[in-house]
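Trainee: Hi! Could you walk me through this one with me?

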Amino acid sequence: MRHTTRTAVMLCAALGLTATLGSASAAPAAAPPTAREAAVRRATAPVLVDCFWHAQVRPGDFVLACGDGNSRLVSLHWDSWGADSAHATGGNAVNDCDPYCAVGTFHRYAVVVKLDRPRPWKKNPRMQHYSRITLTYPGDRPRQFARVVSYPLWN
């Protein structure tokens with residue numbers, strides 16, 4: 001009886017293994033991506049690289065001054081995010097550093113944001129990142145800022 005039970009268990013295990021392997025080998029192999037699929041992947045919209053080298057898409061906030069955090073974009077609302085550019089409105093919270101930055105006050109200014117000049121990202125060259133940001137202040141602005149300012153973005 002013991003020999004019969006062991007044989008039955010082994011037979012069931014072998015049949016289960018055969019069914020599993022048979023199913024896996026019967027499944028079609030994954031086809032390599034077509035030229036069109038590869039082009040679609042390359043055509044995806046660029047990312048915005050943050051201070052920690054993370055790829056961001058339509059972030060709600062974005063630190064402009066990575067070293068000290070004294071300027072950041074807040075409450076961003078993205079109107080578009082495309083292959084050539086991205087556009088948003090929001091606020092720029094800027095520390096007045098008065099009398100010095102550690103005890104300064106943050107002031108918020110309305111801002112229109114444009115990202116453009118997509119380039120390959122050094123961390124992942126198959127991915128594009130926006131390499132320039134342009135800020136337009138439609139109303140008040142920090143006294144040291146021009147109405148329109150552009151900055152290169154880190155790679």
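This is a predicted model: local features need pLDDT of at least 70, side-chain atom pairs count only at pLDDT 80 or more; totals for chains, interfaces and linings use all residues.

Trainee: Got it. Which residue is cysteine 97 joined to?
Mentor: Cysteine 97 is joined to cysteine 101 by a disulfide, with an S to S distance of 1.9 Å. Cysteine 101 is partly exposed too, at a relative accessible area of 34%.

Trainee: And is that link left-handed or right-handed?
Mentor: The link of cysteine 97 and cysteine 101 is right-handed, with 95° about the S-S bond.

Trainee: How many disulfides does the structure hold?
Mentor: There are two disulfides. Besides the one between cysteine 97 and cysteine 101, cysteine 51 forms a disulfide with cysteine 66, and their sulfur atoms sit 1.8 Å apart.

Trainee: Which parts does the pair of cysteine 51 and cysteine 66 tie together?
Mentor: Cysteine 51 lies in the loop between strand 1 (48-49) and strand 2 (55-56), while cysteine 66 lies in the loop between strand 3 (62-63) and strand 4 (71-81), so the pair ties together parts that are 15 residues apart in sequence.

Trainee: What about its handedness, and why?
Mentor: The torsion about the S-S bond of cysteine 51 and cysteine 66 is about -85°, so this disulfide is left-handed.

Trainee: How accessible are cysteine 51 and cysteine 66?
Mentor: Cysteine 51 counts as partly exposed at 23% relative accessibility, and cysteine 66 is partly exposed with a relative accessible area of 37%.

Trainee: If I number the bonded cysteines in sequence order, what is the pairing?
Mentor: The pairing of the bonded cysteines is 1-2, 3-4.

Trainee: Switching topic: in what order do the strands of the open sheet come?
Mentor: Six strands form the open sheet in the order 3-4-5-6-7-8, with antiparallel pairing. Strand 3 and strand 8 (148-152) stand at the edges with a single partner strand each, so one side of each has no neighbour in the sheet.

Trainee: How many bridges join strand 5 to strand 6?
Mentor: Eleven bridges join strand 5 (residues 85-95) to strand 6, and the two run antiparallel. One example is alanine 86, whose bridge partner in strand 6 is leucine 115.

Trainee: Last one: where is lysine 122, and is it buried or exposed?
Mentor: Lysine 122 is in the loop between strand 6 (106-121) and strand 7 (124-136). Lysine 122 is exposed, with a relative accessible area of 66%. The C-alpha atoms of lysine 122 and tryptophan 154 are 9.9 Å apart, and these residues are 32 residues apart along the chain.

Key: Residues are numbered from 1 along each chain as its sequence is written. Side-chain values use heavy atoms; hydrogens and water are left out. A disulfide is a pair of cysteine sulfur atoms within 2.5 Å. Helices (H or I, at least four residues) and strands (E, at least two) are DSSP runs, numbered from the N terminus. Buried means under 20% relative accessible area, exposed over 50%, partly exposed in between (1.4 Å probe, protein chains only). Two strands pair if DSSP finds at least two bridges between them.
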